[in-house]
Amino acid sequence: MRQEDGIMTIKGVGEKAVEKFDKLDIVTVGDLLEHYPRDYDEVRPIKEIRALKEGELAAIEANMVSRPQMKLHGKLKILTTVMTDHSGKMIDVTWFNMPFLKNQLHMGTVYILRGRVARKRDRLVMEQPKLYTKQDFYNIVGKLRPIYPLTKGLTNNAITKAMESALKESEDILEYIPKDIRNRNNLIGYKKALKDIHFPKKKEELKEARRRLVFDELFLYILALKHIKKSSLEKKSTHVIESAKEVEIFKNDLPFELTKAQNKAYDEIMKDMGSGLVMSRLVQGDVGSGKTIVALLCLYQVVMSGYQGALMVPTEVLAAQHVKTFRKLLEVDMDEENEDAADDSKKSPAVNSSGKPIVVEQLSGSMTAKEKKAVKERLASGEIDIVIGTHALLQEDVEFENLALVVTDEQHRFGVRQREIFFKKGKEPHVLAMSATPIPRTLALILYGDMDLTVIDEKPANRLPVKNALVGTGYREKAYEFIQKRIAEGEQCYVICPMVDESEDADLENVTIYAEDLRTVFPAATRIEALHGRMKPKQKDEIMERFAAHEIDILVSTTVIEVGIDVPNATTMLIENAERFGLATLHQLRGRIGRGSAQSYCIFMMGNATPESRERLEVLEKSNDGFFVASEDLKNRGQGDLFGTLQSGEKVFNLADIYEDARILEAAAEEAKKYSLEKLFSEQIDLTNEERAFQGPKNQDTRLMKKISQYMGEVTL
């Protein structure tokens with residue numbers, strides 16, 4: 001079995017399973033081997049009920065004291081009972097969508113249950129526990145079990161069995177990192193690293209396996225950046241953008257004043273675009289720092305020079321909001337001092353170089369074929385001045401008449417090479433990337449090594465800093481009362497829930513049940529909705545649009561709202577089990593509020609607080625500065641916490657985390673100074689003659705190119 005073989009070559013993987021694996025982008029054996037666990041389950045010994053703590057995953061040995069009861073919450077079937085152990089303490093037990101257990105559970109029988117402990121209405125609850133026989137349980141105590149990212153119909157057990165077979169049968173798991181690099185950095189072999197990342201016998205093995213594979217990712221990523229920068233260095237530009245007085249008038253007449261940092265960023269971009277060379281610049285700014293208006297000004301300048309501009313964003317709902325915002329700002333009366341003025345007859349739309357009103361349109365995947373075709377035709381003819389869209393902008397049939405500037409929002413969510421696809425569409429347009437991810441400058445210079453860097457390090461003056469509170473679950477009742485007051489004032493609220501366990505439906509059940517519970521706490525008139533990652537994009541967008549339109553008072557969500565739309569009326573956020581998230585993720589989530597002029601509040605509620613987690617989260621309580629939070633996160637994490645905090649969003653890397661792995665990043669960057677992709681491909685890596693004959697140079701190159709392709713956005717073999 002080779003890594004390029006199809007997944008069906010693995011014993012036990014049939015046609016139906018292939019379809020499910022495909023949803024996880026697992027097509028070959030090699031794809032499966034690089035489908036790394038998202039976490040590990042360390043099974044600890046049985047605990048007494050009286051010793052249980054909220055938020056922990058624990059096992060108990062207990063018997064029922066009440067017969068199981070079935071009730072419905074919408075489409076969810078909820079089975080509940082009460083159990084006790086020899087200590088005499090009791091705990092409620094809940095199962096979701098497992099009605100068959102009702103006839104399998106018997107009074108007087110002792111069971112071993114393992115599940116997540118929660119607190120609801122001042123009572124401990126074990127949610128969705130798994131039942132074990134004594135023999136089965138004691139066989140797994142103390143072991144580290146992989147927990148994989150799943151899709152509907154594909155269980156963790158199925159992936160585990162396939163992985164065991166793939167590791168055992170694969171014949172070509174060979175080295176591709178030169179021996180001198182491995183020796184200098186004390187890295188274990190690639191084959192051992194793969195084995196130990198999936199099935200570690202102890203934490204020390206897992207740490208070394210992860211360190212090796214993280215180094216690989218970062219080393220190849222930096223080499224890809226070097227390759228791109230070398231190929232694009234000092235490219236002559238056919239789009240020399242000169243400052244237009246109309247844009248300067250527009251900027252001065254905006255209903256708000258740009259900050260010094262915004263003006264500095266704008267000036268640096270304009271200098272780049274007027275230099276005669278192709279611009280490749282990253283603008284890094286904290287959430288709410290005003291990057292979007294800088295992008296609009298630059299796009300306006302491009303349009304006034306007779307060209308087109310494009311803005312690519314991660315989600316359709318964000319694209320729609322940007323279209324609305326751009327149209328509104330570009331249609332204000334240039335001479336109107338009162339931003340609220342007026343009727344339409346007094347408005348004077350901004351115009352392009354031909355004297356016609358600027359046309360701003362959207363292009364995204366959910367549009368009908370007819371709508372997309374119309375937009376594409378108008379782009380190709382030059383009728384559209386600014387297009388705002390998602391990955392749909394990268395499609396081959398999207399053509400521009402004279403594209404001169406591409407802006408990518410949340411740059412880290414797009415492959416490095418993807419933005420260069422636009423080069424073919426617009427005769428090498430200028431590229432401006434924007435990111436709200438707070439990354440310390442030293443790391444940013446490595447991660448975005450192919451780009452010049454600008455930082456917007458201040459926020460608009462009219463924004464009040466978010467007030468933060470770090471609390472335990474005992475504050476829950478007061479938190480609900482506070483939220484109710486905010487809603488009574490006409491404001492809105494987010495409630496964020498983490499995924500509770502490895503169940504494929506865990507996030508769905510968690511937010512759904514939480515939303516149902518809130519409906520029993522808040523007045524009947526309170527409009528409460530749930531949002532989770534299992535929803536289709538169109539469904540997510542529809543809920544976010546309703547929230548933006550104030551048709552929802554409380555939105556209960558997972559971290560899918562981390563990159564969302566601006567809802568200035570959303571002033572309060574409650575984050576459950578805050579200790580289970582990374583500081584960077586928590587800061588990004590907090591960025592969803594504080595978008596308007598009203599005071600905003602963020603409540604970080606800890607479910608299982610330890611002195612260490614409290615100290616870590618106090619950074620967020622003290623500061624709203626994303627760059628300070630990032631630097632503190634970096635200090636606190638050091639070499640990394642394998643069993644640490646959840647992260648979210650689309651990732652560039654499978655394993656690497658720039659905060660946890662900062663030292664590995666720096667080491668990889670140092671090694672990358674001595675190498676290039678060409679040197680890596682041409683150099684004879686330390687294989688035996690037998691291995692070299694078996695693998696062959698073509699296969700070696702193919703494997704390496706597939707690995708770096710995830711960073712470059714396309715495969716070139």
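# Close-up views of the predicted model

View 1. Ala668 is buried, its relative accessible area being 0%. The structure shown here and in the views below is a predicted model. Ala668 sits in helix α21. Its C-alpha lies 8.1 Å from that of Asp216, although Ala668 and Asp216 are separated by 452 residues in sequence.

**View 2. The ring pair of Phe219 and Tyr675.** Eight aromatic pairs turn up when the whole structure is searched. In one of them, Phe219 and Tyr675 have ring centres 6.2 Å apart and ring planes at 75°, so this pair is edge-to-face. Phe219 belongs to helix α7 (residues 203–232), while Tyr675 is in the loop between α21 (662–672) and α22 (677–682); the pair therefore ties together parts that are 456 residues apart in sequence. Phe219 is buried, with a relative accessibility of 0%. Tyr675 also counts as buried, at 4%.

View 3. Phe482 and Tyr601 form an edge-to-face aromatic pair, with 4.8 Å from centre to centre and 80° between the planes. Phe482 is in helix α15 (residues 476–488) and Tyr601 in strand β21 (residues 601–606), so the pair ties together parts lying 119 residues apart in sequence. With a relative accessible area of 22%, Phe482 is partly exposed, because the buried class takes in values under 20% and the exposed class values over 50%. The face of Phe482 also has Arg486 over it, at 5.4 Å from the ring centre.

View 4. Tyr132, Phe137 and Tyr138 are linked by ring pairs into a cluster. Strand β7 (residues 123–132) contains Gln128. Gln128 is not a glycine, yet its phi is positive, at about 50°. The relative accessible area of Gln128 is 18%, and this residue is buried.

**View 5. Asp25 in a loop.** Asp25 is found in the loop between α1 (15–23) and α2 (29–33). Its phi is near 60°, a positive value in a residue other than glycine. Asp25 is exposed, at 63% relative accessibility.

View 6. Helix α9 (residues 260–273) packs against helix α10 (residues 291–304) with the axes 10 Å apart and an angle of about 30° between them. That angle makes α9 roughly parallel to α10. The two helices, α9 and α10, cross in a right-handed sense. α10 also packs with helix α11 (residues 316–330), at an angle of about 60° and with an axis separation of 11 Å. α10 and α11 are therefore oblique to each other. The crossing of α10 with α11 is right-handed.

**View 7. Packing of helices α18 and α19.** The axes of helix α18 (residues 583–590) and helix α19 (residues 611–622) come within 11 Å of each other and cross at roughly 30°. α18 and α19 are therefore roughly parallel. Their crossing is right-handed.

**View 8. Pro178 and Leu680.** Pro178 is in the loop between α4 (156–169) and α5 (179–184). Pro178 is buried, its relative accessible area being 2%. In sequence, Pro178 and Leu680 are 502 residues apart; in space, their C-alpha atoms are 8.0 Å apart.

View 9. A disulfide is a covalent bond between the sulfur atoms of two cysteines. The count of disulfides in this model is zero. Cys493 is in no disulfide, and the nearest cysteine sulfur, which belongs to Cys602, is 9.6 Å away. Cys493 is buried, with a relative accessible area of 1%. Cys298 is buried too, at 0%.

Terms used
Residues are numbered from 1 along each chain as its sequence is written. This is a predicted model: local features need pLDDT of at least 70, side-chain atom pairs count only at pLDDT 80 or more; totals for chains, interfaces and linings use all residues. Side-chain values use heavy atoms; hydrogens and water are left out. A disulfide is a pair of cysteine sulfur atoms within 2.5 Å. Buried means under 20% relative accessible area, exposed over 50%, partly exposed in between (1.4 Å probe, protein chains only). Rings of Phe, Tyr and Trp (its six-membered ring) pair if their centres lie within 6.5 Å; planes under 30 degrees apart count as stacked, over 60 as edge-to-face and the rest as tilted. Helices (H or I, at least four residues) and strands (E, at least two) are DSSP runs, numbered from the N terminus. A charge sits over a ring if NZ of Lys or CZ of Arg is within 6 Å of the ring centre and within 35 degrees of the ring normal. Axes are lines fitted to C-alpha atoms, for helices over the stretch in contact, and angles run from 0 to 180 degrees between N-to-C directions. Angles under 35 degrees count as roughly parallel, over 145 as roughly antiparallel, 65 to 115 as roughly perpendicular and the rest as oblique. A crossing is left-handed if the near helix is turned anticlockwise from the far one by less than a right angle, and right-handed if clockwise.
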